[in-house]
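Me: I am new to this one and would like to learn how to read it. Could we go through it together, a feature at a time?

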Amino acid sequence: MAIYLVTGAAGFIGSSIAEALLERGETVRGLDNLSSGKIENVQPLMARGLEFVEGDIRSSADCARACRGVEFIFHQAALPSVPKSVIDPVKSHQSNIDGTLNILMAARDAKVRRIIYAGSSSAYGDTPTLPKHEEMKPSPISPYAVQKLCGELYMQSFTQVYGLETVTIRYFNVFGPRQDPTSAYSGVLARFTTQMLEGSEPTIFGDGLQSRDFTYISNVIDGNLRAVAAPAERVSGKVFNVATAEQISLIQAAEELRRITGYTGPIRYAEDREGDVKHSLADITAAKEAFGYQPTVSFAHGLEKTVLWYQQQEQLAHSGR
């Protein structure tokens, strides 16, 4: 039976992919150094059969250990933050570039069949053309965007030079259960949700007219699972957008959350953050044609499911006191 490795398995997206694989009855190994991922995300999965390796992708030895016997890798481990990369580009470089190269080297040596790499829509930069499609010239702004694009190029290089099958999936503002709202660098919807549920004032950076292709986690999981199973001639060495193809402004998102949470307080506005793009919207035609991807959960439905999860977490926290 094939072994699947998920790097960043204790994180928001990584743990969600690992859970989906376990639900399919797959043999799954997870790698995480728990610097930003949470052990609470993997403990229930370990009880269901996940083999968890506490290790760091910046360590070639840890990567080699994690890749042993593996056939497929979902490489999700990263420092996924534009603001953090602006503040400390060296630290994010070490995880996002050096760590990715370590995984590729270990995968090559272990004769892994395919890697699905977590790319980023930030590679497109702030170009005015919408929607963003994979044939567009990359125009990264932040160090994080540069690092994720570099990872894509490394993936393609290892396909060309070593024959390792690689697929890059560019994520567009993923949200959903398990996303950490407490970090200053976490997704805007996670922060807005918990702030409104607490009755505290959320902050929009900029005028709120900036827009995103907010993508519920179930759509991302589906895209990953389809990409790992697709014929190599359709996907290997290629890049695909996985998103909802729906443009939502931050003001619209905040108003939708008001409706769901019942929040009636004010919303604060602050200056734009360095490295942020103004608008982002995906063309998902290539993913549809290559592996049949089609978003199944809309923004509004995903937001309702997300708010419900955070409400349940709050209830569990209160019941445990």
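**Around helix H10**

Reply: Gladly! Just after H10, Gly 262 takes a positive phi of about 80°. Helices (H or I, at least four residues) and strands (E, at least two) are DSSP runs, numbered from the N terminus. This is a predicted model, where local features need pLDDT of at least 70 and side-chain atom pairs count only at pLDDT 80 or more, while totals for chains, interfaces and linings use all residues. Residues are numbered from 1 along each chain as its sequence is written, and side-chain values use heavy atoms, with hydrogens and water left out.

Me: How many residues does H10 have, and how far does the helix reach?

Reply: The expected span of a helix is 1.5 Å times one less than its number of residues. H10 (residues 250-261) has 12 residues and reaches 16 Å from its first C-alpha to its last, close to the 16 Å expected.

Me: Which residues of H10 are buried?

Reply: Buried means under 20% relative accessible area, exposed over 50%, and partly exposed in between (1.4 Å probe, protein chains only). In H10 the buried residues are Leu 250, Ala 253, Ala 254, Leu 257, Arg 258 and Thr 261. They cover an arc of only 145° around the axis, so they sit on the same side of H10; the arc is that of the directions from the helix axis to the C-beta atoms.

Me: Why do residues three or four places apart point the same way?

Reply: An α-helix has 3.6 residues a turn, so residues at that spacing point the same way.

Me: What covers the buried residues of H10?

Reply: Contact means heavy atoms within 4.5 Å. The cover includes helix H7 (188-198), strand S8 (203-205), strand S12 (248-249) and helix H12 (299-319).

Me: At what angle do H7 and H10 pack?

Reply: Axes are lines fitted to C-alpha atoms, for helices over the stretch in contact, and angles run from 0 to 180 degrees between N-to-C directions. H7 and H10 pack at about 35°, their axes 10 Å apart. Among the residues making the contact are Phe 192 and Met 196 of H7, and Ala 254 and Leu 257 of H10.

Me: Is Glu 152 buried or exposed?

Reply: Glu 152, in helix H6 (residues 143-162), counts as buried because its relative accessibility is 2%.

Me: Where is Ala 245 found?

Reply: Ala 245 is in the loop between strand S11 (238-242) and S12. Its phi is near 60°, a positive value in a residue other than glycine.
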